[in-house]
Amino acid sequence: MIANPFISEEVWKVFKGRCLICYQSASEIHEIVPRSQDKNWNRWDNRVLLCKEHHNWVHTQGAKNVAPTLRVLRELRLNAYYGTHDRE
């Protein structure tokens, strides 16, 4: 499955082009649950923006170890930006 360009564009807009972890300019869209572990990986609620440094860090830590933290950070960021995380 190829990444949906409309979802990718929306992720960049919603997260304002900023890394979920450090707020610096993002360079990557990251799937919280990887493609290899979720046949529906290409969903809006499974994607976040990361800078190159944090994207590499997430991959060195392993998806299962980092996914819960990314989910919490994602909700916090959406709540800070929009007052809600229900954008699906």
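Which pattern does the chain follow, read along the sequence? The order is α-β-β-α-α.

## Model and fold

This is a predicted model; local features need pLDDT of at least 70, side-chain atom pairs count only at pLDDT 80 or more, and totals for chains, interfaces and linings use all residues. Residues are numbered from 1 along each chain as its sequence is written, and side-chain values use heavy atoms, with hydrogens and water left out.

The chain has 3 helices and 2 strands (DSSP runs, numbered from the N terminus: helices are H or I with at least four residues, strands E with at least two). Of its 88 residues, 39% are buried (under 20% relative accessible area; exposed is over 50%, partly exposed in between; 1.4 Å probe, protein chains only). Contacts are heavy atoms within 4.5 Å. Among those with a separation of 6 or more, 67% join residues 24 or more positions apart.

## Salt bridges

The whole structure holds 3 salt bridges (a side-chain nitrogen of Lys or Arg within 4 Å of a carboxyl oxygen of Asp or Glu). Lys13 pairs with Glu9 at 3.3 Å, N to O. The two sit 4 residues apart in helix H1 (residues 5-14), about one helical turn. Lys13 is exposed at 53%; Glu9 is partly exposed at 43%.

Glu31 pairs with Arg47, closest N and O atoms 3.1 Å apart. Glu31 lies in strand E1 (residues 28-31) and Arg47 in strand E2 (residues 47-50), so the bridge ties together parts 16 residues apart in sequence. Both residues are buried.

Asp45 and Arg43 form a bridge at 2.8 Å between the closest N and O atoms. Asp45 is partly exposed at 27%, and Arg43 is partly exposed at 30%.

## His54

His54 lies in helix H2 (residues 52-61). His54 is buried, at 15% relative accessible area. Leaving aside residues up to four places away in sequence, His54 touches Cys19, Ile21 and Cys22.
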